[in-house]
Amino acid sequence: HAFERGGYTFDSGPSLWSGCAAPSTNPLRQVLDAVGESPEWVQYGGWNMYTPEAPAGFYAAAGDMGEWRRTMARLGDGERTVGQWDRLLEFIEPLQRAVLAVPPIALRADVGAVLTAGPYMGAMADPRIGLRAYLLSGPWSAVLEAAGVTDPWLRNWFDFLAFAFSGLPSDGTVAAAMVYMLAELHADGARMDYPLGGSGAVVEALVRGLRKHGGELRLRSAVEQILVDEADGRCTGVRLVGGRVVHARRAVISNAPVWQTAALLPPAARAAVRATGSAPLDASTPPTPSFVHLHLGIRSDGLSEQALSSIHHIVVPEWEKLTQPQSAAFVSVPSLLDPSLAPEGRAVIHAYLPATEPYEVWEGLTRGSAEYERLKAERAAPLYAAIERFIPDVRARVDVELVGSPLTHERF
């Protein structure tokens, strides 16, 4: 989740964090608490957004509802926009209490849920929850419609929040996740988090917890096949490249993408259907597009007040192209909060096109070829344009430049 080049420490993945600095309902925080380890966290108040209504940018404040209402009124249709926002919050309030009362780590898809989630079921006693509970497992767009949210600016904003959370707009994002996020983001005094040492510090904390509880981490141990008992269909272990077998006493858990996981199964198991339907294991989950990353180490002298106002800057040039290629861009400058990530007088920048880059554009290219390098420069241009919104002379400041493509993702 992090790497070093030229004295700079870069995050290799998205770097928006919340609900992590203290015990909360955030699943990652709950895992950290369960293993008794955590990095040190620093906090900040929000991020800068650049949208068609505000090309020069506006500050999206977390934990300050008064300021957020004023921002909505200015960017949307005044009190009409704010009124629909308030009605939505009233509509989802019982759902928020339910979602926040049941820790995500207690949820599971088998009868064991009676034991893990049962103690929290008292939070579901409100009859209003029962009438609306069906909405939690559906798309967020259904909640917006049920609550009567029709304001164009709000619908665009919620599409953005859903996209930032899941890579899909409101009609493709599960409502429960959005209900949870809104409760956390706008709680009084809420702050955004960032781990000192970067994203790699979170992984290091998880590794410490794993080892502390008797676990073993094996690096460079590629799995060749998942072993399945033909008699009962149970996974019994994995075979590594080179032939070594690692046996599982209870289960095999795969965090690899579903398509790669399916490819590691024996042919008979690969054709098994999901419990809920008729599709093969890997056919019912459509792959998302990939990413383009731009990692920069730059001189930080003379940066503008706007550049220094938050570590995050998010650019949405056109709402209707939110999920299209070469459009929305996320930019992080984490060294503003953690100077150890860059040499003195320097800053580290990570910008990326978030799950909108078609793999097909890159398919068949050879990494390192002239054509590949040309395409990297071309497809990274929107990222430079996004950074130039708040650092106009960024190209003249560059010490280190790295562009990551879908082929980079595939390699690692």
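**Cysteines**

I looked up C20 to start, and C20 is buried at 2% relative accessibility; buried means under 20% relative accessible area, exposed over 50%, and partly exposed in between, with a 1.4 Å probe and protein chains only. C235 has a relative accessible area of 22% and is partly exposed. I then searched the whole structure for disulfides and found 0, a disulfide being a pair of cysteine sulfur atoms within 2.5 Å.

**Ground rules**

I note that this is a predicted model, in which local features need pLDDT of at least 70 and side-chain atom pairs count only at pLDDT 80 or more, while totals for chains, interfaces and linings use all residues. Residues are numbered from 1 along each chain as its sequence is written, and side-chain values use heavy atoms, with hydrogens and water left out.

**N48**

I placed N48 in strand β5, residues 46–51. Helices (H or I, at least four residues) and strands (E, at least two) are DSSP runs, numbered from the N terminus.

**L95 and H313**

H313 came up again when I checked a distance: its C-alpha atom and that of L95 are separated by 31 Å. The two residues are 218 residues apart along the chain. L95 is in helix α3, residues 79–101, and L95 is buried at 0% relative accessibility.

**Salt bridges**

I counted 18 salt bridges, taking a salt bridge as a side-chain nitrogen of Lys or Arg within 4 Å of a carboxyl oxygen of Asp or Glu. I looked into several of them.

R29 and D33 form a salt bridge with an N to O distance of 3.0 Å. Both residues lie in helix α1 (residues 27–35), 4 residues apart, which is about one turn of the helix. R29 is buried at 10% relative accessibility, whereas D33 is partly exposed at 36%.

E37 and R208 also form a salt bridge, at 3.0 Å from N to O. This pair links distant parts of the chain, 171 residues apart. I found E37 in the loop between α1 and β4 (41–44), and R208 in helix α9 (residues 199–212). Is E37 buried or exposed? E37 counts as buried, at 19% relative accessibility. R208 is partly exposed at 36%.

K321 and E318 form another salt bridge, with their closest N and O atoms 3.4 Å apart. K321 is partly exposed, with a relative accessible area of 34%, and E318 is partly exposed at 32%. I also noted one network, in which R299, D301, D393 and R397 are joined by salt bridges that share partners.

**Helix α9 and what follows**

I went back to α9 because R208 lies in this helix. α9 has 14 residues and reaches 20 Å from its first C-alpha to its last, close to the 20 Å expected at 1.5 Å a residue; the expected span is 1.5 Å times one less than the number of residues. Buried residues in α9 are S199, G200, A201, V202, A205, V207 and G209. I traced the packing of these buried residues to β1 (2–5), β2 (8–11), β3 (17–18), α1, β4 and β7 (192–195).

Just after α9, G214 has a positive phi of about 90°. L217 is in the loop between α9 and β8 (223–228) and is partly exposed at 36% relative accessibility. With L210 and L219, L217 forms a nonpolar patch on the surface, with about 270 Å² of accessible area together. Patches are made of residues with over 30% relative accessible area and no salt bridge, like charges being joined within 9 Å and nonpolar side chains (Val, Leu, Ile, Met, Phe, Trp, Tyr) within 5 Å. Accessible areas come from the Shrake-Rupley method with a 1.4 Å probe, and for residues only the protein chains shown count as cover.

Notes:
Contact means heavy atoms within 4.5 Å.
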